[in-house]
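I opened the model today to look up a few helices and one annotated span. My notes follow.

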Amino acid sequence: MSAKAISEQTGKEFLYKHICTTAAVQNRFRYATATAETDWARLSQEHPWLLTERLVVKPDQLIKRRGKLGLVGINLDLQGVQEWLKTRLMKETTVGKAKGVLKNFLIEPFVPHPQEEEFYVCIYATREGDNVLFHHEGGVEVGDVDAKAERLMVAVDEKLSEAQVTEQLLTHVPDEKKKVLASFIVGLFNLYEDLYFTYLEINPIVVTKDGVYILDMAAKIDATAEYICKAKWGEVEFPPPFGREAYPEEAYIADLDAKSGASLKLTLLNPRGRIWTMVAGGGASVVYSDTICDLGGVDELANYGEYSGAPSEQQTYDYAKTILSLMTREKHSQGKVLIIGGSIANFTNVAATFKGIVRAIKDYQGPLKEHEVTIFVRRGGPNYQEGLRVMGEVGKTTGIPIHVFGTETHMTAIVGMALGHRPIPNQPPMDAHTANFLLNASNSAMTPAATRTASFSEPRTSNDVTPAKKSKAGLPAAKATTLFRKETKAIVWGMQTRAVQGMLDFDYVCSRDEPSVAAMVYPFTGDHKQKFYWGHKEVLLPVFKNMDDAMKKHPEVDVLISFASLRSAFDSTMEAMQYPQIHTIAIIAEGIPEAQTRKIIKMADEKGVTIIGPATVGGIKPGCFKIGNTGGMLDNILASKLYRPGSIAYVSRSGGMSNELNNIISRTTDGVYEGVAIGGDRYPGSTFMDHVLRYQDTPGVKMIIVLGEIGGTEEYKICQGITEGRITKPVVCWCIGTCATMFTSEVQFGHAGACANQDSETAVAKNQALRDAGAYVPKSFDELGDVVKTVYDELVANGTIIPAQEVPPPTVPMDYSWARELGLIRKPASFMTSICDERGQELIYAGMPITEVFKEEMGLGGVLGLLWFQRRLPRYACQFIEMCLMVTADHGPAVSGAHNTIVCARAGKDLISCLTSGLLTIGDRFGGALDAAAKQFSKAFDSGMLPMEFVNKMKKDGKLIMGIGHRVKSINNPDMRVQILKDYVKQNFPSTQLLDYALDVEKITTSKKPNLILNVDGFIGVAFVDLLRTCGGFTRDEADEFVEIGALNGIFVLGRSMGFIGHYLDQKRLKQGLYRHPWDDISYVLPEHMSM
């Protein structure tokens, strides 16, 4: 949501810190908080004025009219405050319908003053601008300020001046106070704008000869502006409405939501309730709550919440386990029900999200059975059949009663089943699988020519096309009645390849001649081409780095679809409106600050541009054009007959509910003519009425459906349009959010605009007004489909609608990735891996999650064991590996690998090149003796050769014994690295047969020459063979295979890489220049006739 209430203390802190005014604001930062844990001695030390001044104390918990409720203690000393709190602190009280505990109190200095020094001021946001209300009589008895107060509307992007304030608001204020108040109100307004307030009320504000005092304050800020205001806001806590506790689970889900691109919401209403919901979609979540309350379940409804925006399997699992944990804490005599519902998803992979829910159900199967939980599931969208199958399977395997339904069942029918109001079908009919729609049943891959023109298509002539009319000078440009047609071309802002491919597939089944996407704009890459499919063929679409190039090269484009993030959507939209060719812009991003949205709306009105969004999935015009992911995947497009126009047009706020309307309309009428989701924000770019009037003026539309919502007053304009005769076509309308009036405390629903600020904004009031005006209004959303069918049948009966004959659309090949997701095809993988899996929420090494690796303190040796040998090696083995890496890390700059690295570094090459130069010298002569030594000694030992026989054979064959010999070290000058390793191995290894054999060989070789010792390479080689053979983790064949495939040389390569990198960094740090080898260190051996 966007507008969130803040505590009075937070609001005053913002004001005291940031207001800029010549008025003397008194008592800045003089407030203290009292709770049950307050240490009064410490509090008075931190705030010495508590001991010297008279005080006011009041609860700071978003309670209105505290004075009238007797919840303000006035003119008390500190002892009096404590006495006053004894009867109130941590006591339950009732405010309106809400019952809650008073926990948090604010203490401030008492300001003695006469009544005539009290004033009222309030600033609040509307679509057109910000209203400033002022009344010269403030305080507890201010009364109906809406009727009494002076009012000044400051339009979007305009400033407020002291002259305006004085002239229009302060007419009843004594002259000596006008200057102070004017300065303060202007400063307050600037603060309101700068800190993205949406509501700011001070009642009363007291003005004395000393200055201005802020007595009581209520405020809301636009939480979506945090990325702009973080530096000024700091950390803001948003308290829950009075009467509802703040639960840690709510904070946990809010934290998940903040870290996710998806939307995750949870509000606990009654943790002891028996009806729990887990609903996908902001609009759908409201509809399910409405239906539960309509069927008498309001007192048992435990929670409100939603998950949407394609959360990952892990995110859905975390969300689901939170719900399941909460609902299995207390038993209910009647058992409990869990409603896992949702509309038809546009782009969320239902099977993927259901996998997360299924994991949670399996984890909680014991408590779920113990608490007699019955689960009802209804969902549609991409891959929903697989999701429902998985959900049904978990019911059978766990024994939990799970009833599963798809799009063939009305969205809220499961609520009636769950609450016992309708029977549960034994075997619900299942819709055709995705594959039945997308795979061509005929032998020919080509689509018959006869199907290339859909029977419901609009005529080729564009008689109903009304582009934006040129307006008279000084007046806003008129907006187009027809936004999309069969020739419409769009630019897509953002690298949304899946959405673009969906648009092209839609275009193809609609028999469009060309793709609707002309180009893409993506500022983070250079200009290039992106590959897509057009039916069976591959096509290239241009991607531009900047919008200007895209617009110039594609003058035919008149639609922009913006997938820009919430941070960049404003700038990119404002830029797009500078191009006169753009008539329609769809803004998909959710979370754009309301102040920015209002600026977009203002410019759009001036330019004659229609804005769809923000926070929308878009819209669809069957047979012509679809925005992004609207309508879901191709199976839903075909199932809902969105490839050709029908006669019904709709407008909704919710994207998911738009898809549900597509489903309802396709099952009850001849189909959709056009549908738009205007978005869930408080100020959508275009309104219900904008689109209803377009539909009224469009000949092809015979009936209009409006899915309204709690919050705002836009639906009343439809009432007015009907009563005044401007709207003559039948309108079926239902406003969701009827449950809100039944809740005892305020609930912010999934959409930012879904919150009633006054009685007229409730869904119940709007539904009644629409019914009174003559719209067709069902009794509940459950009955919406029945009402739509009744009105449609009447229109068919009177000849207004003449249903046309269906003609099948062309088939579109299924994408390989989606066919594989559905399990329709198989293909050998290009790669196989068995050591690591990064696909889930957590990295896994050889089956071990990374968190476990650290929890077990496995160290580098343990990780190497997992990744190289796929084993959890014993701790002594891990330690040995790490010791090997340490002793092989470096052996000075003179050895060939280090020398090469140094020369390369001094030639100015990069780290990778220098490291590679050193590594390429590793072989049998330098550092590569580990494998060879292991193989030679193992072969000799395993064949039963005596050490002397082995030495003699190698000499006879003219071969060197690998791992024997050192240029510097000898029997008299031993290599301490070998000695350290030998001591450790002898002390910790269960057996050292091969090492003992090698040491016997060393005795023979050193008797001939003292430097023919078992060197570090040879020692590691033979010791590693002993380790593999005797640690208990490998068979003999497995141990031999690791030696054969070069695992032991990997130890030297990995260890020495550390040294090579050290030499590289050393040379760079010492700033050594290009190396040239000195002549006197080179013997020039030339043929005699060429010598000098």
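UniProt positions are given in the numbering used here, feature names are shortened, and annotations may be inferred rather than shown by experiment. I looked up the unreviewed UniProt entry, and its annotation "domain: CoA-binding" covers residues 483-592. I found the end C-alpha atoms of that span 24 Å apart, with 25% of the span in helix and 29% in strand. Helices (H or I, at least four residues) and strands (E, at least two) are DSSP runs, numbered from the N terminus.

This is a predicted model, where local features need pLDDT of at least 70, side-chain atom pairs count only at pLDDT 80 or more, and totals for chains, interfaces and linings use all residues. Residues are numbered from 1 along each chain as its sequence is written, and side-chain values use heavy atoms, with hydrogens and water left out.

Next I looked up helix H8 (residues 248-258), where Glu249, Glu250, Ile253, Leu256 and Asp257 are buried (under 20% relative accessible area; exposed is over 50%, partly exposed in between; 1.4 Å probe, protein chains only). Seen down the axis of H8, these buried residues fall within an arc of 120°, so they line one face of the helix. The arc is that of the directions from the helix axis to the C-beta atoms. On the face turned away from the buried side of H8, I noted the exposed residues Pro248 and Ala258. The buried residues of H8 pack against strand S14 (263-268) and helix H10 (313-327), contact meaning heavy atoms within 4.5 Å.

Last, I checked Asn952, which lies in helix H33 (residues 947-956). Asn952 is partly exposed, with a relative accessible area of 39%.
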